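Subject: Structure handover and notes

Dear colleague,

I am passing on the structure we spoke of, and my notes on what was found in it follow below. Please read them with the structure open beside you.

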Amino acid sequence: MSFPSWLSQLYRGLSRPIRRTTQPIWGSLYRSLVQSSQRRNPEFSSFAVRTNTCGELRSSHLGQEVTLCGWIQYRRQNTFLVLRDFHGLVQVVIPQDESAASVRKILCEAPVESVVQVSGTVISRPAGQENPKMPTGEIEIKVKTAELLNACKKLPFEIKDFMKKTEALRLQYRYLDLRSFQMQYNLRLRSQMVMKMREYLCNLHGFVDIETPTLFKRTPGGAKEFLVPSREPGKFYSLPQSPQQFKQLLMVGGLDRYFQVARCYRDEGSRPDRQPEFTQIDIEMSFVDQTGIQSLIEGLLQYSWPNDKDPVVVPFPTVTFTEALATYGTDKPDTRFGMKIIDISDVFRNTEIGFLQDVLSKPHGTVKAICIPEGAKYLKRKDIESIRKFAADHFNQEILPVFLNANRNWNSPVASFIMESQRLELIRLMDTQEEDVVLLTAGEHNKAKKFQSSSSKLNVIPLPFPYNSKMKKAIYFQILL
């Protein structure tokens, strides 16, 4: 078919009425997407000079002629060497006969971490020399030919996972650090998760992956923006903090299901815990409610979650805004630590403690408490006094520590005023155990809740070892955040 006739047919096809072609086009596209999403084992050696990766050879490959490429991990007595690539390790037998002197010279003289290509036969290891700790521990490669692809110079550190390196050294030689197992695992895991997210959104739920511009005009937001100079004096582009405006335009344009693995840029140099650039899965939908978005994200994470990790359980636990404030004193609680705010006003209705009587006599007076698990074990008297001072200085609130273990009451100022019935009821409401500490405060509802929300950030949790003063200081500093 000549080019003009092909072009004319394409033009006639695109010129047909949309109503006639909508269903066939989308039906065909859907079928092709479903077919392409079918899982297949990846071919790691396709288009490469190697026939296999170092980590995939097993007893089932015995007798096969293979070509491997990789890094020399280590060498033993010029008899064996271990070859490494991203897939694993394999043992290579260095030939000792005179006819293979050139091969022996290459493999014996090449420095560790040099890149080599070897060809040979997969054979069984001698009886008793198998290594059950290696996936390839039952076989080895009897080398016939070898080629030095790149000789290695002296390295600033060994490429072994058990070797400890400083963060500064790892960053300085990032290209070497990337060879480590952990870095290889992290990057490949991220790639797999992003691919599964694309499958879930595009193939299963009809989302459209759209790339939005990186150079844009300034959009005032919470952070400062990075500027890129243009050719015109005094005019700049701005790197987007997020694709917010672009995805709104897409919704108006009729693309009702959009997503993007978006790169975002925010200049937050004054905050050391923030990165200048990061990646987010940016999603926008039309004609959807809150429940639909929650179900989408739950399904997305469950579908893309790594198989070697504990499975994601859906639906995710949820809490309303009102419940969060009442239970944790904040709309962004960290529920891992428990330490919920409990209203214990009814326990002290008939108390003899003076300031509690005064508070409960007011219309909005309340008594609140949080329980610190094993607080008596880890908190010293000076720590309790520090908490009380903080409450007085920042919230004008009185704090009463209550140690429910009679053997460790530390002369609590209110211990003698708490009746046995009140003690038992407090234990029931707070679900306390021995060595726990209850911090009790009283006042108007909002003030008491505000302090308790800050106190709950102490995150004092049972530790398997005694923590030192620096750790304690870091814990208390969280109150000020």
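This is a predicted model: local features need pLDDT of at least 70, side-chain atom pairs count only at pLDDT 80 or more; totals for chains, interfaces and linings use all residues.

The buried residues of the same helix α7 are F246, K247, L250 and M251. Viewed along the helix axis, these buried residues of α7 fall within an arc of 140 degrees, so they line one face of the helix. The cover over the buried residues of α7 includes β9 and β10, and just after the helix G254 adopts a positive phi of about 100 degrees.

The pairing of β6 with strand β9 (residues 257–265) is parallel and runs over two bridges; within it, V208 has Y258 of β9 as its bridge partner, while D209 is partnered by F259 in β9. Between β9 and β10 the pairing is antiparallel and extends over nine bridges, and C264 has F278 of β10 as its bridge partner. If you look at side-chain directions here, recall that in a regular strand the side chains alternate between the two faces of the sheet.

I then turned to charged pairs. Side chains of opposite charge can pair when their charged atoms come close. With a side-chain nitrogen of Lys or Arg required to lie within 4 Å of a carboxyl oxygen of Asp or Glu, the count comes to 22 salt bridges. One of them joins E65 to K144, with the closest N and O atoms 3.1 Å apart. That pair links distant parts of the chain, since E65 belongs to strand β1 (residues 65–76) and K144 to strand β5 (residues 139–150), and the two are 79 residues apart.

Another salt bridge is formed by the side chains of R84 and E113, at 2.8 Å from N to O. Here R84 is in strand β2 (residues 80–85), whereas E113 is in the loop between α3 (101–109) and β4 (115–124), so the pair ties together parts that are 29 residues apart in sequence. The side chains of R170 and E167 meet at 3.5 Å, N to O, and both residues belong to helix α4 (residues 167–172), where they are three residues apart, about one turn of the helix. R170 has a relative accessibility of 22% and therefore counts as partly exposed, and E167, at 47% relative accessibility, likewise counts as partly exposed. These two residues also belong to a network of salt bridges that links E167, R170, R174 and D177.

One further residue deserves a note. Is T136 buried or exposed? With 1% relative accessibility, T136 counts as buried, although it lies in a loop, namely the one between β4 and β5. The side chain of T136 reaches the backbone oxygen of L89 at 2.6 Å. Leaving aside residues up to four places away in sequence, T136 touches C54, G55, L57, R58, L89, V90 and R125.

Finally, some totals for the chain. It contains 15 helices and 14 strands, and of its 481 residues, 37% count as buried. Among the contacts in the chain with a separation of 6 or more, 61% are between residues 24 or more positions apart.

Terms used:
Residues are numbered from 1 along each chain as its sequence is written. Side-chain values use heavy atoms; hydrogens and water are left out. Helices (H or I, at least four residues) and strands (E, at least two) are DSSP runs, numbered from the N terminus. Buried means under 20% relative accessible area, exposed over 50%, partly exposed in between (1.4 Å probe, protein chains only). Two strands pair if DSSP finds at least two bridges between them. A polar contact is a pair of N or O atoms within 3.5 Å; within protein, one must be able to donate a hydrogen and the other to accept it, and residues adjacent in sequence count only if both atoms are side-chain atoms. Contact means heavy atoms within 4.5 Å. The arc is that of the directions from the helix axis to the C-beta atoms.
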